[in-house]
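Biologist: Could you walk me through this one before I start on my own notes? I'd like the overall picture and then some detail.

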Amino acid sequence: MRRVLVTGKGGQLATGLADSLPAQGFEAILVGQPDFEFDQPATVERGFADAAPDAVVNCAAWTAVDAAEDDEAGAFRANALGPLMLARLCAARGIPLLQLSTDYVYDGAKGAPYVEDDAPNPLGTYGRTKLAGEWAALAANPMTAVFRTAWVFSPVGRNFVKTMLSAGAQRPELRVVADQHGNPTAAPDLADALALVLARVRETGWRAEYRGVFHMAGGGHADWHGFAQAIFAAAAPHGGPSPTVHPIATADYPVKARRPADGRMDQAKLRATFGVALPPWQEGLARVIRALGTA
Ligand SMILES: NC(=O)c1ccc[n+]([C@@H]2O[C@H](COP(=O)([O-])OP(=O)(O)OC[C@H]3O[C@@H](n4cnc5c(N)ncnc54)[C@H](OP(=O)(O)O)[C@@H]3O)[C@@H](O)[C@H]2O)c1
């Protein structure tokens with residue numbers, strides 16, 4: 001097992017995998033739009049055939065949560081039909097598919113960290129289409145592992161860390177939601193963990209217990225307001241902005257898609273099955289702040 005096809009080139013996680021996979025002795029073959037586009041199935045088949053992969057990590061997804069509410073069909077094509085196509089191709093080749101998913105498959109009403117057996121109940125289009133993608137991938141390829149992650153941030157792309165740093169540089173006071181809880185996840189840490197999972201699969205061969213759903217997110221949890229404060233605290237010693245961050249309620253920050261109030265995920269199954277765990281999210285934040293050049 002050597003050649004790993006990574007979809008979503010240019011995205012946060014795929015960019016991380018470009019470093020993490022070679023570090024574990026894999027060759028990362030990155031594909032992205034427009035050459036690899038789920039809306040154009042022929043490009044997917046061609047990209048897959050050209051790569052001749054030994055495993056696939058599907059990072060490509062419609063990740064614009066609010067915009068998905070206005071185009072469920074488009075989000076479904078990317079988040080459900082895309083994984084289905086890849087899973088069928090993987091099944092025909094007899095190779096593993098690592099499919100990324102989200103804490104937004106949960107409604108956030110449990111009041112405690114979710115475990116993988118808890119019933120999903122997405123509140124919006126993004127979570128609904130990602131859940132359909134999980135089912136499609138698991139049904140079409142017996143060698144599928146689904147990894148639900150959350151609150152991903154990275155030195156590249158659009159994410160909360162970069163948004164906060166840019167808003168904080170422009171305004172002395174910010175208002176940030178304090179009543180939504182989750183697991184902030186540094187894309188470089190997530191990429192390292194996925195590469196370690198693949199290394200484990202390479203070592204043991206595919207096992208029945210690898211098939212299924214796993215939580216894979218930064219260690220510990222936060223609310224958005226606390227996360228924002230941590231971002232400014234981490235960036236300030238390196239010249240980052242230090243605005244005052246006021247806590248507000250979700251109701252005071254209207255957005256199109258409803259989000260889970262408490263999507264925290266327990267990650268014991270990941271550790272027990274693959275021997276893998278992500279570092280605390282604060283370490284991931286320091287890593288990303290360094291990479292952003294504020295260090
Ligand atoms: N970001 C988060 O906070 C978060 C949270 C939970 C789960 N996840 C999941 O984690 C995975 C990686 O997320 P990420 O943050 O790395 O995402 P990202 O930075 O938004 O990257 C997604 C990639 O998918 C590509 N893409 C979008 N629609 C496509 C289509 N129809 N066909 C082919 N490619 C398409 C995008 O290409 P363009 O750039 O050209 O549009 C982009 O390269 C995704 O499965 C996501 O659902 C993310």
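Modeller: We can start with the overall fold, go on to the sheet, and end with the ligand.

Modeller: Please keep in mind throughout that this is a predicted model.

Biologist: Okay, how many helices and strands does the protein have?

Modeller: The protein has 10 helices and 12 strands. Its radius of gyration is 18 Å, close to the 19 Å that the globule rule gives for 295 residues, so the protein is as compact as a globular protein of that length. Along the principal axes, the C-alpha atoms fill a box of roughly 55 × 40 × 35 Å.

Biologist: And what share of the residues is buried?

Modeller: Buried residues make up 48% of the 295. As for contacts with a separation of 6 or more, 82% of them are accounted for by residues 24 or more positions apart.

Biologist: Now the sheet: what is the strand order?

Modeller: An open sheet is formed by 6 strands in the order 2-1-3-4-5-10, and the pairing is parallel. Strand 2 (27-31) and strand 10 (212-215) stand at the edges with a single partner strand each, so one side of each is left without a neighbour in the sheet. On average, neighbouring strands are turned by 25° against each other, direction ignored.

Biologist: What about strand 3, is it buried or exposed?

Modeller: Strand 3 (residues 55-58) is covered on both faces, with Ala55 and Val57 buried on one side and Val56 and Asn58 buried on the other. Strand 3 pairs with strand 1 (residues 3-7) in the parallel sense over 3 bridges, and valine 4 stands opposite alanine 55 there. Another 3 bridges join strand 3 to strand 4, again running parallel, with valine 57 opposite leucine 98.

Biologist: Where does strand 4 go from there, and which residue stands opposite leucine 97?

Modeller: Strand 4 (residues 97-102) pairs with strand 5 (residues 144-149) in the parallel sense over 6 bridges, and leucine 97 stands opposite threonine 144 in strand 5. Helix 5 (residues 125-140) packs on the sheet, where it touches strand 4, strand 5 and strand 10, and its direction makes about 160° with that of strand 4.

Biologist: Switching topic, which residues are closest to the ligand?

Modeller: The ligand is surrounded by 25 residues, of which the closest are Gly8, Gly11, Ala61, Leu100 and Val152. Helix 1 (12-23) and strand 4 each supply at least two residues of that shell.

Methods:
Residues are numbered from 1 along each chain as its sequence is written. This is a predicted model: local features need pLDDT of at least 70, side-chain atom pairs count only at pLDDT 80 or more; totals for chains, interfaces and linings use all residues. Two strands pair if DSSP finds at least two bridges between them. Helices (H or I, at least four residues) and strands (E, at least two) are DSSP runs, numbered from the N terminus. Axes are lines fitted to C-alpha atoms, for helices over the stretch in contact, and angles run from 0 to 180 degrees between N-to-C directions. Two residues are in contact if their C-beta atoms, placed from the backbone, lie within 7 Å. A residue is near a molecule or strand if its C-beta atom, placed from the backbone, lies within 6 Å of it. The radius of gyration is taken over C-alpha atoms; the globule rule is 2.2 Å times the number of residues to the power 0.38. A residue is buried if 20 or more other C-beta atoms lie within 10 Å of its own, exposed if 12 or fewer, and partly exposed in between; C-beta atoms are placed from the backbone.
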